[in-house]
Amino acid sequence: MASLLDGKVALVTGASSGIGEATALALARNGAKLAIAARRKDRLEALAAKIGGACVIQADVAVEEQARAMVRRAHEALGRIDILVNNAGVMLLGPIDGADTNEWRRMFDINVLGLMIATHAALPIMKARGSGHVVNISSVAGRFTSAVGAAYSATKFAVEAFSEGLRKQESKNGIRVTAIEPGAVVTELQLHTTHAATRQMIDDWIAGMKGPLQGEDIAAAIVYAVTQPAHVNVNQILIRPSEQEN
Ligand SMILES: NC(=O)c1ccc[n+]([C@@H]2O[C@H](COP(=O)([O-])OP(=O)(O)OC[C@H]3O[C@@H](n4cnc5c(N)ncnc54)[C@H](OP(=O)(O)O)[C@@H]3O)[C@@H](O)[C@H]2O)c1
């Protein structure tokens, strides 16, 4: 039976865990051929085996040349890139006062510049075919800011701005752009926060939820966005667990 994404190629960054892994699996289930990228190659290889074959690319998107090489490699290996899912990201929460500003730099390098460079590298490939879809994983923090999330939110507000500018610039060229804005999803994301009190607060918040989102819930929204007919451009999808207030 024909699948919705038969013949399409998707490159998913940050595919070694969480939302990226679930998204790669969901896109593959819908017929897409996959290039999967992240730093942890063993995880990517395990995922490729689960998918039944994928182009595995070890890349640190914070390093411009690696982000560009990732796109090049996906294109060379699979012959086209129809869908770019810019998902790689880190969330290092905590107060502004006393923050380790290297963490701010790291978040901007990965969440913002990594996504922008990957898009910059993929855009000519998509435009040469006259179509493409860039899916940027933003966050509910790309619309609303919490006290401990100022720097993280600043990166996700940047993702929203870049996505909207990209949409405006490329809408006449067959390029569609979707910003996905998840609320709390159970992944490895919160494990990287180094500020102890903040980390405890997030752990308690997620543990206290009866039904936080799973990676698969976000993957389903991405599949929805990328399987609409060509004249439909799904620009933003905000998804919270039903019980999440902010
Ligand atoms: N979980 C949530 O509640 C939530 C809510 C809103 C938005 N988001 C966003 O969703 C995206 C995915 O996060 P997740 O929740 O699935 O967390 P996750 O399980 O920690 O996944 C993050 C992914 O990003 C990759 N990554 C991190 N730094 C990288 C780098 N320098 N170069 C390449 N890949 C890198 C990681 O792979 P390696 O470590 O192997 O490189 C991993 O595959 C992020 O953009 C995050 O901001 C998550």
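How many nonpolar, polar and charged residues does the shell around the ligand have? In this predicted model, the shell consists by class of 15 nonpolar, 10 polar and 5 charged residues. The ligand is surrounded by 30 residues, and the closest of these are Gly 14, Gly 18, Arg 39, Arg 40 and Gly 89. Among the elements that contribute to the shell, helix 1, which spans residues 18-29, supplies the largest share, namely 3 residues.

The packing of helices was examined next. Two packed helices are described by the angle between their axes and by the distance that separates those axes. For helix 3 (residues 64-78) and helix 4 (residues 101-129), the angle is about 35 degrees and the axes lie 9 Å apart, and the crossing in which helix 3 passes helix 4 is right-handed. On the side of helix 3, the contact is made by Glu 64, Ala 67, Arg 68, Met 70, Val 71 and His 75, whereas helix 4 takes part through Gly 114, Ile 117, Ala 118, Ala 121, Ala 122 and Ile 125. Sorted by class, the residues of this contact comprise 8 that are nonpolar, 2 that are polar and 2 that are charged.

The largest nonpolar core contains 72 residues, and within this core Leu 34, Ile 36 and Ala 118 have the most contacts. Helix 4 gives the most to this core, with a contribution of 9 residues. Ala 118, which also belongs to the contact between helix 3 and helix 4, is in contact with Thr 13, Val 61, Ala 67, Met 70, Val 71, Leu 84 and Asn 86 when its neighbours within four places in sequence are left aside.

Because 28 other C-beta atoms lie within 10 Å, Ala 35 is buried. Apart from neighbours within four places in sequence, the contacts of Ala 35 are with Val 9, Leu 11, Ala 54, Cys 55, Ile 57, Ala 74, Ala 77 and Leu 78. Ala 35 and Ile 180 are separated by 145 residues in sequence and, from C-alpha to C-alpha, by 20 Å in space.

When residues up to four places away in sequence are not counted, Ala 48 touches Ile 36, Gly 53, Ala 54 and Val 56. The C-alpha atoms of Ala 48 and Val 159 are 28 Å apart in space, and the two residues are 111 residues apart in sequence.

Two further positions are located in loops. Thr 193 is placed in the loop between strand 6 (175-182) and helix 6, and this residue is buried, because 22 other C-beta atoms are within 10 Å. Although Thr 193 and Leu 92 are 101 residues apart along the chain, their C-alpha atoms are separated by 4.5 Å. Leu 92 is likewise one of the residues that Thr 193 touches, together with Met 91, Leu 93, Gly 94, Thr 198, Arg 199 and Ile 202, residues up to four places away in sequence not being counted.

Gln 214, in turn, occupies the loop between helix 6 (196-207) and helix 7 (215-226). Because Gln 214 has 16 C-beta neighbours inside 10 Å, it counts as partly exposed. Beyond residues up to four places away in sequence, Gln 214 touches Val 185 and Val 186. A distance of 17 Å separates the C-alpha atoms of Gln 214 and Ala 141, which are 73 residues apart along the chain.

Key:
Residues numbered from 1 in each chain as written. Predicted model: local features only at pLDDT ≥ 70, side-chain atom pairs only at ≥ 80, totals over all residues. Near = placed C-beta within 6 Å. Helix = DSSP H or I, 4+ residues; strand = E, 2+ residues; numbered from the N terminus. Nonpolar A, V, L, I, M, F, W, Y, C, P; charged D, E, K, R; others polar. Axes fitted to C-alpha atoms, helices over the stretch in contact; angles between N-to-C directions. Left-handed = near helix turned anticlockwise from the far one by under 90°. Contact = placed C-beta atoms within 7 Å. Core = buried A, V, L, I, M, F, W, Y, C linked by C-beta atoms within 7 Å. Buried ≥ 20, exposed ≤ 12 C-beta atoms within 10 Å, placed from the backbone.
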